[in-house]
Amino acid sequence: MATKQLELHQSVVKFLSNAPKKMLINGQFVQSVSGKTFETINPATGEVITKVYEADKEDIEKAVKAARVAFEGPWKKVPPNQRQMLLLKLADLIEKNAEELAQLETLDNGKPIRESRAVDVPVTADHFRYYAGWATKIHGETIPVSCGNFLTYTLREPVGVVGQIIPWNFPLLMAAWKIAAAVACGNCVVLKPAEQTPLTALRLGELIMEAGFPAGVINICPGFGETAGAALSGHMDVDKVAFTGEYITGRKIIQASAGNLKRVSLELGGKAPNIVFVDGDMEAAVKGCIGSVFFNQGQVCCAGTRLFVENKIYDEFISKVSDRAGKLTLGPGLCEETQMGPLVSSDQLKRVTGYLETGKKEGAKPVCGGDRATDGDLQKGYFVKPTVFANVNNKMKIAQEEIFGPVVSAIPFKDIEDVITQGNDTTYGLSAGIWTKDIKKAHAVAKAIKAGTVWINCYNVFDSAAPFGGYKQSGFGREGGIHALELYTQIKAVWVNLD
Ligand code: ADP
């Protein structure tokens with residue numbers, strides 16, 4: 001167990017001292033119209049970090065209006081290379097303030113500081129840089145039509161005002177995934193961070209203004225889902241909504257979007273099969289399995305939560321995984337040596353421990369962990385032991401429902417057909433992992449699995465240039481790479497009569 005915590009960077013202390021934290025609307029940090037605030041909690045201790053002004057319908061109204069004015073006016077006049085420069089400048093500022101952002105992320109979300117430093121913050125900067133590159137490369141085409149003497153060309157234009165609703169598992173990185181592509185394409189944005197983790201998005205808002213983005217181009221309004229989120233997804237002057245979160249919320253977003261038929265893209269949950277064949281590199285697969293389910297406390301939609309292991313090596317493999325899982329250092333995220341921090345909230349703790357009980361009742365056997373961690377100071381926070389369930393079959397609730405915690409369910413399989421059938425026997429289709437040295441088998445399984453991302457002999461590898469998104473009830477639309485440009489642009493065909 002890790003105990004010695006970092007002393008907070010003075011810039012974090014300064015950021016927190018100025019409270020309640022205000023939201024960003026039209027280039028200004030402002031209070032909520034109602035004056036209402038909410039508390040954001042440190043999940044390692046259960047203590048209040050600070051208060052944040054709570055966006056409601058009226059604030060969303062103001063933010064959408066500001067975004068519309070910016071979109072129809074000043075932002076349209078900013079040429080692509082200036083958009084590029086602004087995004088590059090923002091990336092530089094993120095890097096310049098990396099330690100502050102990493103500490104703030106860990107404080108608010110609970111994740112180990114080593115992950116915030118190595119993943120969340122640098123990948124955020126990279127994402128803004130990657131889409132900065134696209135800002136000057138978005139264009140239409142000329143089309144050789146056969147119906148007469150016409151010059152026919154297309155314009156690829158921004159969609160307009162975009163509402164973006166993000167979850168709490170990667171608060172800063174998800175903000176980047178949403179904002180970077182939208183703004184590179186010339187849209188204006190209203191972002192609603194998750195109520196559990198509003199702080200890094202608000203600090204990002206300060207950096208956005210420091211970078212020099214015109215007022216109203218990016219607005220950041222923390223608030224609750226049923227109020228601010230619903231107001232944004234139902235707003236008649238929002239042209240598109242992009243959402244990452246639970247599939248149940250995704251359905252509500254689709255319903256809310258019907259009023260003005262706004263475009264929708266959804267990245268929802270997952271229940272990924274991580275498949276280990278007898279001919280796989282066992283050490284690499286064990287390591288990959290640990291990373292796939294315990295990274296970010298398992299609060300990752302593409303986590304490899306269904307671990308399929310070929311019968312012949314099932315017992316040996318499970319024993320290696322649980323040995324290693326049992327050795328992970330649990331502690332507050334702000335301890336340098338922490339490998340697994342707390343879950344994000346008391347609600348999440350309730351949900352995950354509920355599933356642990358369900359698993360035991362269903363007959364699954366926890367060979368590692370299986371309950372809450374309460375040693376010493378851990379009892380104050382929302383800690384759950386890394387858990388490996390053996391004796392699981394794919395029909396059990398713990399194998400079908402998204403737990404979103406540090407829990408892996410190990411399921412035996414007979415052969416390639418069996419694992420393809422079981423792997424696809426889920427309503428989700430976000431990702432999958434395959435461990436084998438047989439190249440034919442690897443490609444055959446990759447093709448047969450219904451998922452938006454398949455990792456072969458690796459897991460949880462990401463790059464700003466690669467697409468990410470779901471099959472089936474894991475959603476639709478692809479973020480990342482060239483594919484996100486489809487989400488944030490629309491095409492106009494122009495016909496010129498040359499006769
Ligand atoms: P979780 O249960 O993991 O918090 P959610 O899907 O509820 O996942 O939350 C993801 C994001 O969706 C958060 O920003 C949340 O505030 C928002 N949200 C929740 N309910 C709604 C809703 N009815 N309409 C719009 N956004 C919502």
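Reader: Where does glutamine 297 lie in this model?

Author: In this predicted model, glutamine 297 sits in the loop between H11 and strand S13 (306–310).

Reader: Why is glutamine 297 called buried?

Author: Its relative accessibility is 0%. Buried means under 20%, so glutamine 297 counts as buried.

Reader: What makes leucine 261 exposed rather than buried?

Author: Leucine 261 has a relative accessible area of 67%. The term exposed applies over 50%, so leucine 261 is exposed. Leucine 261 also has a positive phi, near 50°, and is placed in the loop between helix H10 (247–257) and strand S11 (263–267).

Reader: Which residues are joined by a cis peptide bond?

Author: Alanine 19 and proline 20, with omega at about -5°. Proline 20 is in the loop between helix H1 (10–17) and strand S1 (23–25). Most peptide bonds are trans.

Reader: Why are aspartate 120 and lysine 111 called a salt bridge?

Author: The N to O distance between their side chains is 2.7 Å. The rule asks for a Lys or Arg side-chain nitrogen within 4 Å of a carboxyl oxygen of Asp or Glu, so the pair of aspartate 120 and lysine 111 qualifies.

Reader: Are aspartate 120 and lysine 111 buried or exposed?

Author: Aspartate 120 is buried, with a relative accessible area of 0%. Lysine 111 is buried as well, at 0%.

Reader: What makes lysine 492 and glutamate 157 a link between parts apart in sequence?

Author: Their side chains form a salt bridge at 3.1 Å, N to O. Lysine 492 belongs to strand S20 (residues 489–497) and glutamate 157 to strand S6 (residues 150–158), so the bridge ties together parts 335 residues apart in sequence. Lysine 492 has 39% relative accessibility and glutamate 157 has 25%.

Reader: Where do lysine 441 and aspartate 279 lie?

Author: Lysine 441 is in helix H16 (residues 439–448), and aspartate 279 is in the loop between strand S12 (273–276) and helix H11 (282–294), 162 residues apart. Their side chains meet in a salt bridge of 3.1 Å, N to O.

Reader: How many salt bridges does the rule give, and which residues form a network?

Author: The count comes to 23. Arg68, Glu72, Lys76, Asp237 and Asp239 are linked in a network of salt bridges.

Reader: How do you know that glutamate 336 and arginine 117 form a salt bridge?

Author: Their closest N and O atoms are 2.8 Å apart. The limit is 4 Å, so the pair of glutamate 336 and arginine 117 meets the rule.

Reader: What is between domain 1 and domain 2?

Author: Domain 1 covers 10–268 + 475–493 and domain 2 covers 273–464. In contact are 34 residues of domain 1 and 31 residues of domain 2. About 2,500 Å² is buried between domain 1 and domain 2, with 57% of it on carbon and sulfur atoms. Between domain 1 and domain 2 there are two salt bridges, and 14 residue pairs are in polar contact.

How values were computed
Residues numbered from 1 in each chain as written. Predicted model: local features only at pLDDT ≥ 70, side-chain atom pairs only at ≥ 80, totals over all residues. Heavy atoms only, no water. Buried < 20%, exposed > 50% of the residue type's maximum accessible area, 1.4 Å probe, protein only. Helix = DSSP H or I, 4+ residues; strand = E, 2+ residues; numbered from the N terminus. Domains from an automatic or database assignment. Contact = heavy atoms within 4.5 Å. Buried area = accessible area lost by both parts, 1.4 Å probe. Polar contact = N/O pair within 3.5 Å; in protein donor to acceptor, adjacent residues only side chain to side chain.
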